[in-house]
Amino acid sequence: MSRLAVVFGGSQGIGRAVARRLAIRGHKVVVVSRNMEAAQDSAASLYGEGHVALSCDVSKEQEVKSAFETIQKSCGSVGYLVNAAGLNRDALLLRTPPDDIAMTLQTNLLGSILTCRAALRSMLSQGGAIVNIGSVVGVKGNAGQCAYSASKAGLEGFTRSLAKEVAGRNVRVNLVAPGLIRTRMTAGLDEMEWTRRIPMGRFGEPEEVARAAMFLLESPYVTGQVLLVDGGLRLGM
Ligand code: NDP
(Lines give C-alpha, C1' and ligand atoms only; values in the text may rest on other atoms or scores of the structure.)
Protein backbone atom coordinates (compact mmCIF):
# COMPACT_ATOMS: atom_id res chain seq x y z
CA MET A 1 0.00 0.00 0.00
CA SER A 2 1.36 3.40 -0.99
CA ARG A 3 1.72 5.85 1.88
CA LEU A 4 2.70 9.46 2.37
CA ALA A 5 6.22 9.53 3.82
CA VAL A 6 7.87 12.62 5.30
CA VAL A 7 11.66 12.64 5.55
CA PHE A 8 13.23 15.39 7.61
CA GLY A 9 16.82 15.90 6.54
CA GLY A 10 15.92 14.28 3.21
CA SER A 11 17.95 16.67 1.07
CA GLN A 12 21.20 14.79 1.42
CA GLY A 13 23.17 12.02 3.11
CA ILE A 14 21.24 9.37 5.04
CA GLY A 15 17.85 11.11 4.74
CA ARG A 16 18.21 11.40 0.98
CA ALA A 17 19.00 7.68 0.72
CA VAL A 18 15.91 6.86 2.82
CA ALA A 19 13.77 9.11 0.59
CA ARG A 20 15.14 7.27 -2.46
CA ARG A 21 14.30 3.87 -0.98
CA LEU A 22 10.79 4.97 0.02
CA ALA A 23 10.14 6.24 -3.51
CA ILE A 24 11.39 2.97 -5.03
CA ARG A 25 8.92 1.13 -2.75
CA GLY A 26 6.10 3.20 -4.29
CA HIS A 27 5.52 5.75 -1.54
CA LYS A 28 4.95 9.45 -2.10
CA VAL A 29 7.71 11.39 -0.36
CA VAL A 30 7.87 14.86 1.19
CA VAL A 31 11.53 15.87 1.42
CA VAL A 32 12.23 18.42 4.15
CA SER A 33 15.33 20.44 5.00
CA ARG A 34 16.21 24.07 5.71
CA ASN A 35 17.71 24.56 2.26
CA MET A 36 14.73 24.53 -0.12
CA GLU A 37 16.84 24.22 -3.27
CA ALA A 38 18.58 21.11 -1.95
CA ALA A 39 15.23 19.62 -0.86
CA GLN A 40 13.79 20.29 -4.32
CA ASP A 41 16.79 18.74 -5.98
CA SER A 42 16.39 15.60 -3.85
CA ALA A 43 12.61 15.37 -4.46
CA ALA A 44 13.09 15.82 -8.21
CA SER A 45 15.67 13.03 -8.31
CA LEU A 46 13.33 10.44 -6.80
CA TYR A 47 11.80 7.56 -8.73
CA GLY A 48 8.14 8.13 -9.68
CA GLU A 49 5.80 11.12 -9.55
CA GLY A 50 4.28 13.41 -6.95
CA HIS A 51 7.18 13.88 -4.55
CA VAL A 52 7.42 17.33 -3.01
CA ALA A 53 9.93 19.49 -1.16
CA LEU A 54 9.44 21.69 1.86
CA SER A 55 11.68 24.04 3.80
CA CYS A 56 11.57 23.79 7.60
CA ASP A 57 13.98 24.20 10.49
CA VAL A 58 13.11 21.34 12.88
CA SER A 59 14.50 23.20 15.86
CA LYS A 60 11.73 25.82 15.52
CA GLU A 61 8.33 24.76 16.85
CA GLN A 62 6.34 27.18 14.71
CA GLU A 63 8.07 26.04 11.51
CA VAL A 64 7.37 22.38 12.31
CA LYS A 65 3.73 23.18 13.01
CA SER A 66 3.32 25.07 9.72
CA ALA A 67 5.14 22.32 7.79
CA PHE A 68 2.66 19.69 8.99
CA GLU A 69 -0.30 21.99 8.30
CA THR A 70 0.96 22.43 4.72
CA ILE A 71 1.56 18.69 4.32
CA GLN A 72 -1.90 17.79 5.65
CA LYS A 73 -3.57 20.36 3.40
CA SER A 74 -1.74 19.63 0.17
CA CYS A 75 -0.67 15.98 0.45
CA GLY A 76 -2.88 14.28 3.06
CA SER A 77 -2.17 12.26 6.20
CA VAL A 78 1.32 11.14 7.07
CA GLY A 79 1.86 7.36 7.15
CA TYR A 80 5.63 7.24 7.58
CA LEU A 81 7.88 9.74 9.35
CA VAL A 82 11.68 9.60 9.22
CA ASN A 83 13.75 11.95 11.37
CA ALA A 84 17.17 12.24 9.76
CA ALA A 85 17.71 15.98 10.27
CA GLY A 86 20.75 16.44 12.43
CA LEU A 87 24.00 18.27 12.96
CA ASN A 88 27.14 18.06 15.06
CA ARG A 89 29.26 20.75 16.73
CA ASP A 90 32.02 18.51 18.02
CA ALA A 91 34.52 19.70 20.63
CA LEU A 92 35.56 18.79 24.16
CA LEU A 93 32.85 19.95 26.55
CA LEU A 94 34.83 22.83 28.07
CA ARG A 95 35.52 24.13 24.57
CA THR A 96 31.91 23.86 23.39
CA PRO A 97 30.06 27.18 23.57
CA PRO A 98 26.62 26.88 25.27
CA ASP A 99 25.00 28.08 22.03
CA ASP A 100 26.44 25.08 20.18
CA ILE A 101 25.22 22.73 22.93
CA ALA A 102 21.74 24.24 22.72
CA MET A 103 21.68 24.07 18.92
CA THR A 104 22.73 20.41 18.92
CA LEU A 105 20.03 19.43 21.42
CA GLN A 106 17.39 21.58 19.77
CA THR A 107 18.01 20.15 16.32
CA ASN A 108 18.75 16.50 17.03
CA LEU A 109 16.52 15.85 20.03
CA LEU A 110 13.86 18.55 20.35
CA GLY A 111 13.44 18.69 16.55
CA SER A 112 12.59 14.98 16.32
CA ILE A 113 10.27 15.21 19.32
CA LEU A 114 8.41 18.11 17.69
CA THR A 115 8.01 16.33 14.35
CA CYS A 116 6.78 13.14 16.05
CA ARG A 117 4.29 15.16 18.09
CA ALA A 118 2.97 16.86 14.96
CA ALA A 119 2.80 13.64 12.91
CA LEU A 120 0.93 11.76 15.64
CA ARG A 121 -2.14 13.93 15.21
CA SER A 122 -3.08 11.97 12.07
CA MET A 123 -1.20 8.75 12.83
CA LEU A 124 -3.20 8.06 15.99
CA SER A 125 -6.38 7.63 13.99
CA GLN A 126 -4.90 5.89 10.95
CA GLY A 127 -1.79 4.09 12.18
CA GLY A 128 1.75 4.75 11.01
CA ALA A 129 5.44 4.18 11.57
CA ILE A 130 8.27 6.43 12.68
CA VAL A 131 12.02 5.91 12.37
CA ASN A 132 14.36 8.22 14.25
CA ILE A 133 18.01 8.33 13.27
CA GLY A 134 20.16 8.11 16.40
CA SER A 135 23.84 7.23 16.52
CA VAL A 136 26.20 4.60 17.86
CA VAL A 137 27.68 7.36 20.07
CA GLY A 138 24.30 7.71 21.77
CA VAL A 139 24.78 4.07 22.80
CA LYS A 140 28.47 4.04 23.72
CA GLY A 141 29.51 7.72 24.14
CA ASN A 142 32.49 9.45 22.54
CA ALA A 143 34.97 12.01 23.86
CA GLY A 144 34.50 15.28 22.00
CA GLN A 145 30.82 14.59 21.33
CA CYS A 146 29.14 15.19 24.71
CA ALA A 147 26.25 17.30 23.41
CA TYR A 148 25.82 15.20 20.28
CA SER A 149 25.82 11.89 22.15
CA ALA A 150 23.43 13.33 24.76
CA SER A 151 21.05 14.31 21.96
CA LYS A 152 21.20 10.84 20.44
CA ALA A 153 20.92 8.98 23.77
CA GLY A 154 17.94 11.20 24.56
CA LEU A 155 16.39 10.23 21.25
CA GLU A 156 16.70 6.56 22.23
CA GLY A 157 14.82 7.08 25.49
CA PHE A 158 12.25 9.15 23.67
CA THR A 159 11.81 6.46 21.00
CA ARG A 160 11.17 3.71 23.56
CA SER A 161 8.79 5.85 25.61
CA LEU A 162 6.77 7.02 22.62
CA ALA A 163 6.67 3.44 21.28
CA LYS A 164 4.95 2.40 24.52
CA GLU A 165 2.57 5.37 24.44
CA VAL A 166 1.26 4.73 20.94
CA ALA A 167 1.64 0.97 20.40
CA GLY A 168 -2.05 0.38 21.13
CA ARG A 169 -3.01 2.80 18.34
CA ASN A 170 -1.05 0.91 15.67
CA VAL A 171 1.79 3.44 15.54
CA ARG A 172 5.29 2.00 15.73
CA VAL A 173 8.41 3.96 16.69
CA ASN A 174 11.96 2.65 16.17
CA LEU A 175 15.47 4.01 15.96
CA VAL A 176 18.38 3.28 13.65
CA ALA A 177 21.78 3.99 15.22
CA PRO A 178 24.38 4.36 12.46
CA GLY A 179 28.11 4.13 12.98
CA LEU A 180 30.42 6.03 10.65
CA ILE A 181 28.62 6.68 7.39
CA ARG A 182 30.08 8.46 4.38
CA THR A 183 28.17 11.79 4.25
CA ARG A 184 28.80 15.54 4.64
CA MET A 185 28.85 14.99 8.42
CA THR A 186 31.90 12.72 8.31
CA ALA A 187 33.64 14.38 5.34
CA GLY A 188 36.24 16.03 7.58
CA LEU A 189 37.27 12.84 9.38
CA ASP A 190 40.48 10.95 8.72
CA GLU A 191 38.86 7.83 7.24
CA MET A 192 42.01 5.69 7.49
CA GLU A 193 42.37 6.46 11.20
CA TRP A 194 38.72 5.78 12.05
CA THR A 195 38.47 2.68 9.89
CA ARG A 196 40.92 0.93 12.23
CA ARG A 197 38.23 0.97 14.93
CA ILE A 198 35.55 -0.64 12.74
CA PRO A 199 35.51 -4.46 12.69
CA MET A 200 34.15 -4.47 9.13
CA GLY A 201 37.08 -2.26 8.11
CA ARG A 202 35.17 0.43 6.24
CA PHE A 203 32.72 3.32 6.60
CA GLY A 204 29.09 2.59 5.78
CA GLU A 205 27.13 4.09 2.89
CA PRO A 206 23.86 6.06 3.33
CA GLU A 207 22.04 3.38 1.33
CA GLU A 208 23.02 0.77 3.94
CA VAL A 209 21.35 2.84 6.67
CA ALA A 210 18.32 3.40 4.44
CA ARG A 211 17.81 -0.36 4.11
CA ALA A 212 17.65 -0.72 7.90
CA ALA A 213 15.25 2.23 8.18
CA MET A 214 13.03 0.68 5.52
CA PHE A 215 13.08 -2.67 7.32
CA LEU A 216 11.83 -0.99 10.51
CA LEU A 217 9.17 1.04 8.68
CA GLU A 218 7.81 -2.08 7.03
CA SER A 219 8.01 -4.57 9.92
CA PRO A 220 4.47 -4.65 11.35
CA TYR A 221 5.32 -6.22 14.72
CA VAL A 222 8.52 -4.33 15.61
CA THR A 223 8.42 -1.31 17.90
CA GLY A 224 10.65 0.44 20.43
CA GLN A 225 13.81 -1.07 18.96
CA VAL A 226 17.29 0.32 18.42
CA LEU A 227 18.99 -1.14 15.37
CA LEU A 228 22.73 -0.51 15.10
CA VAL A 229 24.04 -0.13 11.56
CA ASP A 230 27.71 0.32 12.34
CA GLY A 231 29.85 -2.41 10.77
CA GLY A 232 30.47 -3.71 14.31
CA LEU A 233 31.82 -0.40 15.72
CA ARG A 234 29.83 -0.83 18.94
CA LEU A 235 31.45 -4.23 19.50
CA GLY A 236 34.93 -2.72 19.40
CA MET A 237 38.09 -4.35 18.02
P1 NDP B 1 24.17 15.40 6.44
O2 NDP B 1 24.84 16.59 6.99
O3 NDP B 1 24.60 14.84 5.15
O4 NDP B 1 22.57 15.68 6.33
C5 NDP B 1 21.89 16.30 7.37
C6 NDP B 1 20.51 16.63 6.88
O7 NDP B 1 19.79 17.26 7.95
C8 NDP B 1 20.47 17.60 5.72
O9 NDP B 1 19.40 17.28 4.87
C10 NDP B 1 20.23 18.94 6.38
O11 NDP B 1 19.68 19.86 5.47
C12 NDP B 1 19.28 18.51 7.49
N13 NDP B 1 19.22 19.43 8.62
C14 NDP B 1 20.22 19.81 9.45
N15 NDP B 1 19.77 20.67 10.38
C16 NDP B 1 18.44 20.84 10.13
C17 NDP B 1 17.42 21.60 10.74
N18 NDP B 1 17.66 22.38 11.80
N19 NDP B 1 16.17 21.53 10.24
C20 NDP B 1 15.90 20.74 9.16
N21 NDP B 1 16.83 20.00 8.55
C22 NDP B 1 18.08 20.05 9.02
O23 NDP B 1 24.26 14.33 7.60
P24 NDP B 1 23.97 12.75 7.64
O25 NDP B 1 23.16 12.32 6.50
O26 NDP B 1 25.24 12.10 7.92
O27 NDP B 1 23.11 12.69 8.97
C28 NDP B 1 21.75 12.32 9.00
C29 NDP B 1 21.42 11.86 10.42
O30 NDP B 1 22.20 10.71 10.72
C31 NDP B 1 21.76 12.90 11.48
O32 NDP B 1 20.78 12.87 12.49
C33 NDP B 1 23.07 12.41 12.05
O34 NDP B 1 23.26 12.82 13.37
C35 NDP B 1 22.88 10.90 11.94
N36 NDP B 1 24.11 10.14 11.95
C37 NDP B 1 25.05 10.29 10.96
C38 NDP B 1 26.21 9.53 11.01
C39 NDP B 1 27.27 9.61 9.96
O40 NDP B 1 28.33 8.96 10.14
N41 NDP B 1 27.10 10.34 8.88
C42 NDP B 1 26.45 8.59 12.10
C43 NDP B 1 25.39 8.50 13.06
C44 NDP B 1 24.28 9.26 12.97
P45 NDP B 1 19.82 21.46 5.67
O46 NDP B 1 21.21 21.73 6.09
O47 NDP B 1 19.43 22.04 4.34
O48 NDP B 1 18.82 21.82 6.71
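The end C-alpha atoms of residues 3-184 lie 29 Å apart, and this span is 50% helix and 18% strand. Helices (H or I, at least four residues) and strands (E, at least two) are DSSP runs, numbered from the N terminus. A UniProt annotation, from an unreviewed entry, labels residues 3-184 "domain: Ketoreductase". UniProt positions follow the numbering used here, feature names are shortened, and annotations may be inferred rather than shown by experiment.

The model is predicted: local features need pLDDT of at least 70, side-chain atom pairs count only at pLDDT 80 or more, and totals for chains, interfaces and linings use all residues. Residues are numbered from 1 along each chain as its sequence is written.

**The whole chain**

The protein chain has 8 helices and 7 strands. Its C-alpha atoms fill a box of roughly 45 × 40 × 35 Å, taken along the principal axes. A compact globule of 237 residues would have a radius of gyration near 18 Å, so the chain's 17 Å agrees. That radius is taken over C-alpha atoms, and the globule rule is 2.2 Å times the number of residues to the power 0.38.

**The sheet**

Seven strands form an open sheet with parallel pairing, in the order β3-β2-β1-β4-β5-β6-β7. Strands β3 and β7 stand at the edges with a single partner each, so one side of each is left without a neighbour in the sheet. Neighbouring strands are turned by 20° against each other on average, direction ignored. Two strands pair if DSSP finds at least two bridges between them. Strands β1 and β2 pair in the parallel sense over 5 bridges. Here Leu4 stands opposite Lys28 in β2.

Helix α6 (residues 146-166) lies across β5, β6 and β7, at about 160° to β6. Axes are lines fitted to C-alpha atoms, for helices over the stretch in contact, and angles run from 0 to 180 degrees between N-to-C directions. Contact means that C-beta atoms, placed from the backbone, lie within 7 Å.

**Around the ligand**

Of the 31 residues around the ligand, Gly9, Gly13, Arg34, Asn35 and Gly86 come nearest. A residue is near if its C-beta atom, placed from the backbone, lies within 6 Å. Helices α1 (13-24) and α4 (98-126) each give two or more residues to this shell.

| Class in the shell | Residues |
|---|---|
| nonpolar (Ala, Val, Leu, Ile, Met, Phe, Trp, Tyr, Cys, Pro) | 13 residues |
| polar (the others, Gly among them) | 15 residues |

Key
Contact = placed C-beta atoms within 7 Å.
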